[in-house]
Every structure is written in C-alpha cells, then in structure tokens.
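Subject: Structure handover

Hello,

Here is the structure for you to look through. My notes follow below it.

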Amino acid sequence: MSGGLLIAGFLATTNAGRVALARDGARPGGRDLAAALAAGAVLIAAAAAAADPLLDALDISPESFRIGAGLVLAVGGAVSLIRPRRSGPFAAVLVTPELACFAISAGAEEPLPQVLGAAALALAVAALAALAPRPEAIGRVAPFLAALQLVVGVALVVAGVRDV
Amino acid sequence: MPAAPEGGRAGWRRHAPWLAAQVALWVAVAAILRLALVPGESCPAVGRAEAARAIDAGADWLVEGQRPDGRFRYGYLADEGRPAPGYNVTRHAGVMDALYRVGRVGPANAALGYVEANLIHHDGWTAFAPSGEDANVGAAALLAVALVHRREATGDRDHDAVLRGLGRFIVAQQRPDGSILQYWSRATGASVPGVFGKFSTGEAFYALALMDRAFPGEGWLPPARRTADYLSTRRDAAEGHAFRQSDHWAAYGLATLAPAGLTEAEAGYARWLAGYFGFLVRLESQRVGRPLNPFSESGASLGTVGEGTTALWRLAGSDPRLADLRDRLGDRSACLAGILVERQVARTAPDPSARGAWFADGYTQMDDQQHAVAALLGALPALG
C-alpha cells in the first residue's frame with residue numbers, strides 16, 4: 001500500500017465533509033467533538049494494532065482481506081455519495097465499518113507508526129472540519145470524499161486480486 | 001426549529017433505534033465478509049515425504065494405463081467405471097515430460113517410441129503429429145521440453161538431432177514480432193496463418209529457453225527472447241484477449257531464462273503472473289472444506305496454478321527485482337501442494353483405476369495427473 005493510498009484511504013473513510021454535515025445537524029458540544037475524535041482514533045488504533053493477530057486467527061491473508069475491505073469501502077462510498085448526511089449521535093460519526101476495515105487492511109500491511117501517522121493527518125482534517133465556522137460549506141466536500149472512498153475501495157480490490 | 005444539543009443519557013436514549021441499526025449493520029458486514037467475501041484460507045499441512053508419495057501415486061496412474069504402443073490411458077469416467085476415448089499428442093508429450101522429471105525413464109522412453117513413429121521431417125525441421133493431423137507447435141514444444149529433461153536426467157545425447165529439429169520447427173513458426181503460429185498444414189505444406197494457441201506460444205517460449213540451456217551458443221536465445229518479449233508486452237492485445245492470459249508455461253520459460261537475465265518487461269510480466277497465480281491459490285484455499293462449495297477444480301487446473309507458482313518461486317529466488325515475492329510464493333506453493341495431496345484419490349480406494357488420480361465431476365484425464373505431479377514436484381523444495 002503506497003503512502004498516497006494510505007492517506008487517501010483515511011481521508012476518505014473519515015470524510016471530513018460528513019463530519020461537518022453531522023455537526024451542522026447535531027450541534028454537538030465540545031465534549032461530543034472530543035468524544036467523536038477519540039472514538040475514531042481508538043477505532044483506528046485498535047483495528048490497526050490488532051490486524052495481524054485478528055487476520056491470523058481468522059486464517060485470512062492480508063492480500064485477501066484487502067479485497068473484502070475494498071468492497072466494504074466501495075459500497076460505503078456509494079451509499080455516502082447518495083446520502084452523505086448520516087443519522088445518529090455525533091460522537092459516533094467516525095465509527096464506521098469502512099474506517100475499521102481500512103484500518104485493519106492498512107495495519108496488516110504497513111508499519112503501525114506509518115498507519116497511525118496517516119490516520120492522525122486525516123483525523124486532524126476531520127477536527128478542523130468539525131470546528132469550522134461554516135460547517136454547511138465544508139459539508140459540500142462530503143460527496144467528493146465519498147467518491148474518493150469508492151475509488152480507494154476499487155483500488156484495494158484490484159491490488160488484492162493482483163497481489164500474490 | 002433547531003436541533004437540540006447532544007449529550008447525556010437522554011441524548012443516547014433518543015438514538016436507541018440508530019444504535020440497534022448500527023449493531024445490525026456491523027454484524028451484517030462482519031458476516032458477509034466472513035462467509036462470502038473473505039472466507040478463511042485453509043491450507044492442509046503437507047511434508048516432503050507425503051508430497052513425494054503423492055507424486056509416485058500420480059505417476060503410477062499414468063504408467064499403469066500405458067498401452068503397448070507407448071500411448072497412455074487418455075481419460076477415465078469413475079462413475080461408469082470405463083476409460084474415456086480420445087487422444088492428444090500435446091498431452092502425450094506433456095505426460096512424457098512429467099515422467100522424465102520424476103525419474104520414470106522407462107515408461108517415458110516407451111512413450112518416446114510412439115513419438116518416433118509419428119515424426120514429420122520437412123524443410124530441415126522436425127515436428128510430432130500422427131498421420132492425418134497438422135503439426136502443432138504445442139506438441140513439438142512439449143516434446144522438446146521432455147527431451148531436454150530426458151537429456152539432463154540420463155545424460156543420453158542420442159536424441160539431440162530430433163531436439164534440434166524440433167527447435168527449428170518452432171523457430172520456423174515464429175513471426176518477426178515473436179508470435180508463434182500454432183499449426184503447419186500437411187495439405188498446404190505451409191504454416192496456417194492467423195491461428196495462435198492459448199498455450200502453445202508459452203510452450204514454445206519454454207522450449208526455446210530450455211534449448212538455449214541444453215545447447216548454449218547455438219542461437220536459441222534470440223528467438224526465446226523474441227517470444228518472451230511478445231508474451232510480456234503484446235500477446236494479449238495482438239491475439240484479441242480482453243484480459244491478460246495466465247500462462248504457466250511462460251512462468252517456466254521466465255524461470256529458465258533467468259540466468260541470462262530478464263528485461264524489465266519480462267520481470268514485470270513475471271510479477272503479474274505471480275499475482276495471478278497467488279490469487280488463484282488463495283481463492284482455492286478459501287474453498288477447502290466448505291460444505292457448500294459448488295466448484296470442482298480439475299487436477300490440470302490446480303496443477304497448472306501450482307506449476308506457475310512454483311516456477312515463479314524459483315525465479316523470485318534468483319532475480320532480486322522479485323525477491324519480495326519469494327516468501328509468499330513459497331507459502332502459496334506449499335498451500336497448493338497440500339490441497340493437491342488432499343484431493344488425490346487414495347491408493348487404498350476401491351477402484352484401482354481411480355487410485356492416484358485427481359478427479360473433477362467424476363472424470364480424470366492424463367493431463368490432470370501430468371500437471372498435478374509437476375506442481376508437486378516443483379513444490380517439494382518449498383515444503384518443510
């Protein structure tokens with residue numbers, strides 16, 4: 001997985017535009033903002049750190065899991081394209097199957113510091129989106145990041161099929 | 001009316017339906033991933049001794065069905081308990097090669113008797129085709145491969161003239177772009193234009209690469225390279241394939257050509273083939289032991305995947321550009337060897353004509369054993 005794909009994958013699956021739209025709808029307080037970022041960070045760190053033992057326990061090679069993760073990202077991206085605004089509590093806005101799958105796939109293939117570095121960058125962007133004064137404007141990028149997620153998903157599937 | 005700020009138990013209670021939907025979503029995603037998209041990969045454990053016994057049993061099936069004229073039993077229908085009719089000289093040559101490689105020189109030499117009775121000599125070259133059939137490059141190429149392996153196994157040089165004649169036939173069928181015309185017609189006395197085989201081009205490349213190994217400096221390397229370049233860069237578009245073709249013979253050829261050094265295009269092609277075969281092994285391992293497995297792969301199908309994987313595993317050990325693939329190709333080779341051993345009919349099976357064979361839908365034929373045996377032979381060094 002290239003560094004570019006790693007960053008693109010986390011930017012797409014954390015989708016700062018969707019975070020801004022959620023904030024616009026839910027009017028979260030400071031604690032909710034912190035809780036959302038913490039939930040996203042914990043999900044990523046746990047998934048990436050547990051990737052190797054988890055896939056070993058399930059008898060799945062990282063290359064094969066990449067195909068499954070890619071399909072989850074592609075479907076999730078397509079759904080977000082149609083319906084970028086999600087219901088539910090703001091604190092859980094980043095807790096999605098696609099973020100978990102991407103973090104597992106990345107964690108199984110790349111060194112943990114590299115994965116966490118790319119994820120931190122994406123979470124920082126999401127935090128900025130959550131704190132922006134005009135969230136509805138930031139929310140307009142949500143479909144584009146959903147499209148990026150779909151593209152990253154397809155790229156993961158292709159890479160998973162082509163890898164040994 | 002603006003939405004109320006979030007927070008507190010009341011806020012979460014308000015989201016109870018959402019929470020239930022989320023739990024259902026996560027469970028559904030996990031279940032779909034596990035059951036449909038990414039089932040567990042199961043690789044039956046196998047050691048060298050067990051794989052060697054499976055090779056012996058597969059070779060026994062071939063040898064026990066050999067007829068007095070040197071031909072082999074072509075196929076066998078287990079449900080009906082009867083042999084299947086038909087014959088194919090390319091497969092005859094392929095089985096001969098497998099037997100030379102596993103050290104069954106006597107039966108392979110008997111098969112060579114059938115070959116010698118069906119050689120065509122024309123315009124300085126030699127081909128292998130029974131009367132009434134056009135000369136097929138695939139048959140000539142696999143015969144050349146078998147004779148090189150015979151030469152290496154026995155040290156006997158008696159068939160070098162035939163071998164060189166076969167090489168000249170392959171070169172005569174080669175076009176300037178490296179493509180290989182599959183047939184030479186007895187009726188017209190000329191190559192059949194515009195017909196290319198799915199596997200015969202790779203078989204020709206492998207034969208030429210082996211010819212260079214057997215007779216270094218005799219000029220076999222340039223035509224081998226020409227076809228290698230064609231396979232690596234142009235074959236699929238030129239022959240109208242929508243998708244890049246898998247080719248275990250090309251994998252053998254690339255591994256054989258490695259000491260002379262591969263070009264970047266050839267190394268890239270080897271990497272693509274490694275990915276293709278690796279994916280197929282993973283896919284097959286996901287179907288091991290699954291009760292609802294609707295597919296049944298033949299010994300030839302599994303064997304060719306194993307042959308390609310093991311050939312590229314050897315190549316990855318000698319070409320530093322592919323070194324990063326070596327361990328995974330070794331794992332895939334061992335995995336497929338385990339699957340092959342598990343799916344072989346046991347020596348203790350009640351039907352003696354089925355013992356040692358690999359069946360799909362109740363049918364086996366000579367190339368099922370040829371490819372499965374060759375795959376296991378290639379995997380032996382990768383097994384613990």
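Predicted model: local features only at pLDDT ≥ 70, side-chain atom pairs only at ≥ 80, totals over all residues.

**The three-stranded sheet in chain B**

That pair belongs to a wider link. Strand S1 of chain B covers residues 75–77, and three bridges tie S1(B) to S2(B). The two strands run antiparallel. Together with S8, they make an open sheet of three strands in chain B, ordered S2-S1-S8, with antiparallel pairing. S2 (82–84) and S8 (363–365) of chain B are the edge strands, and each of them pairs on one side only. On average, neighbouring strands in this sheet are turned by 30° against each other, ignoring direction.

**The hairpin in chain B**

Next, look at S3(B) and S4(B). They form a hairpin, with two residues between them. Asp123(B) sits in the turn and has a positive phi of about 50°. Strand S3 of chain B spans residues 119–122, and four bridges join S3(B) to S4(B) in an antiparallel arrangement. Within this pairing, His121(B) stands opposite Thr126(B) of S4(B).

Strand S4 of chain B, residues 125–128, is covered on both faces. Trp125(B) and Ala127(B) lie on one side, and both are buried. Thr126(B) and Phe128(B) lie on the other, and they are buried too.

Chain B contains 15 helices and eight strands. Its C-alpha atoms fill a box of roughly 95 × 50 × 40 Å, taken along the principal axes. Of the 384 residues in chain B, 51% count as buried. Take the contacts in chain B between residues at least 6 apart in sequence: 72% of them join residues at least 24 apart.

**Where the chains meet**

Between the chains, 28 residues of chain B are in contact with 27 residues of chain A. On the chain B side, four helices each supply at least two residues: H1 (8–14), H2 (16–37), H12 (264–285) and H14 (326–343). H2(B) gives the largest share, with seven residues. By class, the side of chain B that touches chain A has 15 nonpolar, eight polar and five charged residues.

**A helix pair in chain A**

In chain A, helix H5 (residues 62–82) packs with helix H9 (residues 142–162). The angle is about 160°, and the axes are 7 Å apart. Angles over 145 degrees count as roughly antiparallel, and H5(A) and H9(A) are therefore roughly antiparallel to each other. The crossing of H5(A) past H9(A) is left-handed. The residues of this contact divide into 18 nonpolar, eight polar and two charged.

**A loop residue in chain A**

Last, Ala92(A). This residue is in the loop between H5 and helix H6 (97–109) of chain A. Is Ala92(A) buried or exposed? Ala92(A) is buried, with 21 other C-beta atoms within 10 Å. Ala92(A) and Leu123(A) are 31 residues apart in sequence, and their C-alpha atoms are 14 Å apart in space.

Best regards

Technical notes
Residues numbered from 1 in each chain as written. Chains lettered and ligands numbered in written order. Axes fitted to C-alpha atoms, helices over the stretch in contact; angles between N-to-C directions. Parallel < 35°, antiparallel > 145°, perpendicular 65-115°, else oblique. Left-handed = near helix turned anticlockwise from the far one by under 90°. Nonpolar A, V, L, I, M, F, W, Y, C, P; charged D, E, K, R; others polar. Pairing = 2+ DSSP bridges. Contact = placed C-beta atoms within 7 Å. Buried ≥ 20, exposed ≤ 12 C-beta atoms within 10 Å, placed from the backbone.
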